[in-house]
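Here is a short note for your review.

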Amino acid sequence: MEQYIIKGGAPLVGEVDIAGAKNAALGILAAATMTDESVVIENLPDVRDTNVLIQAMESIGVMVERLDRHTVKINASMIDNFTIDAGYIRKIRASYYMLGSLLGKYHRAVVALPGGCEIGSRPIDQHLKGFRALGAEVEISGGLINAEAKRLAGNHIYLDVVTVGATINLMMCAVLAEGKTILENAAKEPHVVDVANFLNSMGANIKGAGTDVIRIKGVSKLHGTTYSIIPDQIEAGTFMFAAAITKGDIMIRNVIPKHLESISAKLIEIGCEVEEFDDSLRVVATKRLDHTNVKTLPYPGFPTDMQPQIAVTLALSRGTSIVTESIFENRFKYVDELSRMGGNVKVEGNTAIIEGVELFTGASISAPDLRAGAALVLAGLAAEGITTVENIVLIERGYEDFPQKLRSLGAMIEKVSEEKEIQKFKLKVG
Ligand code: UD1
């Protein structure tokens, strides 16, 4: 089975380029099916989630041509089927964005109901409430969501919780609905804004994305466009914490520093230097870091997708830190794995109480989910000795060339699948 093998201890030093934002890409790929004209998407990250969504789109007749590793040309004029198979939803939840795009353009969509997942129960009631408010009939039977509409008409929709997924899904569906839609209590994440900008570049009329009220005036059709996806806030944040936890010095290039403010602020608070440039950011850590408290919140708060990375860093910092997870209820699964490396973290409800230790020691661990998996890799990079991380397929969902990028910064990490490769690595690193 494929795994990462890591020899920890080296400070990561150098420069790294950040890929396009996975979570923006998923919305943008789905939205690209809302015109019969060709759409070119640039800066698309080459990660498992985007590749699975592309396969799901191809399965219903969307033509996807790869112009290079990070550029695709999409033409959806030949869609001949409105059902996204359950297999895709199992692999990637965000296939549910095809509900908003297909319903918006073709007035019908059938997508398997996504179940709970590794980070907790994830209801989609707000998506369904919104589709109904726009005039769709939505039924759930046999594990499938069937959505159909004779006519879609704008409406005033108040989201009961701040949800990225429902905001993007409803925005897509509303751009071709007749009249005005107002989405209140909308999510403000950078990827929501990126999907809105993309739709506007196709001729949609969306205003207010990035605030909590989004106003959409329906248009009769969308046209082709060429669009470049924003940099990945979470990949960038992960490398920022890689610098912090290994006492390194990393220049992180191709980022939007504004999107990283909540992360930079915490790093400065615990004793790192963070230098901002136009489209890059340098993080330097020279000493053992300090404790802090952090609570995950919707943007512009500290992202839940960065919670495991800050927690493993605090687990090596001086003193007691408290991390509160307010978005997903089951996002501390990595704590058991971390304790095998010497971490001292107690979880009570949605709070982790972290007693910083001086040292992690290498262990055999397994990635419980995408971001926790990346955080455990960071722990391995800071640990004494050898760490192996299994279940890396989850990490590959969202990180492009993760081991290669880390190696370019001086990390000792390899992706291996056979015992003899493990032995070879151990001989090499001594
Ligand atoms: C997206 C991101 C994910 C990130 C999360 C929060 C993608 C593909 N994934 O997930 O990486 O961790 O935002 O920033 O972009 N909720 C409801 N009802 C709904 C929808 C959501 O109660 O209909 C709740 C969820 O259970 C959760 C909260 O709202 O507690 C936020 O979820 P949401 O923002 O929708 O997360 P996702 O879009 O699934």
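1. A backbone N or O atom of Q126 sits 2.7 Å from an oxygen atom of the ligand. Keep in mind that this is a predicted model.

2. Two further polar approaches involve ligand oxygen atoms. P123 places a backbone N or O atom 3.4 Å from an oxygen atom of the ligand. Y96 uses a polar side-chain atom, and its distance to a ligand oxygen atom is 3.4 Å.

3. How many residues surround the ligand? There are 22. The closest are D125, Q126, V164, D305 and I327.

4. Now the helices. α10 (residues 307–314) packs with α12 (residues 370–382) at about 25 degrees, and the axes are 8 Å apart. Angles under 35 degrees count as roughly parallel, so α10 and α12 are roughly parallel to each other. Their crossing is right-handed.

5. On the α10 side, P308, Q309 and V312 make the contact. On the α12 side, R371, A372, A375, L378 and A379 make it. By class, the contact of α10 with α12 has six nonpolar residues, one polar and one charged.

6. α12 also packs with α8 (residues 233–245), at an angle of about 20 degrees and with axes 9 Å apart. α8 and α12 are therefore roughly parallel to each other. The crossing of α8 and α12 is right-handed.

7. Which residues meet here? From α8 come I234, T238, F241, A242 and I245. From α12 come R371, A374, L378, A379 and A382. The contact of α8 with α12 divides into eight nonpolar residues, one polar and one charged.

Technical notes. Residues are numbered from 1 along each chain as its sequence is written. This is a predicted model: local features need pLDDT of at least 70, side-chain atom pairs count only at pLDDT 80 or more; totals for chains, interfaces and linings use all residues. Side-chain values use heavy atoms; hydrogens and water are left out. Axes are lines fitted to C-alpha atoms, for helices over the stretch in contact, and angles run from 0 to 180 degrees between N-to-C directions. Helices (H or I, at least four residues) and strands (E, at least two) are DSSP runs, numbered from the N terminus. Angles under 35 degrees count as roughly parallel, over 145 as roughly antiparallel, 65 to 115 as roughly perpendicular and the rest as oblique. A crossing is left-handed if the near helix is turned anticlockwise from the far one by less than a right angle, and right-handed if clockwise. Contact means heavy atoms within 4.5 Å. Ala, Val, Leu, Ile, Met, Phe, Trp, Tyr, Cys and Pro count as nonpolar, Asp, Glu, Lys and Arg as charged, and the others, Gly among them, as polar. A residue is near a molecule or strand if one of its heavy atoms lies within 4 Å of it. A polar contact is a pair of N or O atoms within 3.5 Å; within protein, one must be able to donate a hydrogen and the other to accept it, and residues adjacent in sequence count only if both atoms are side-chain atoms.
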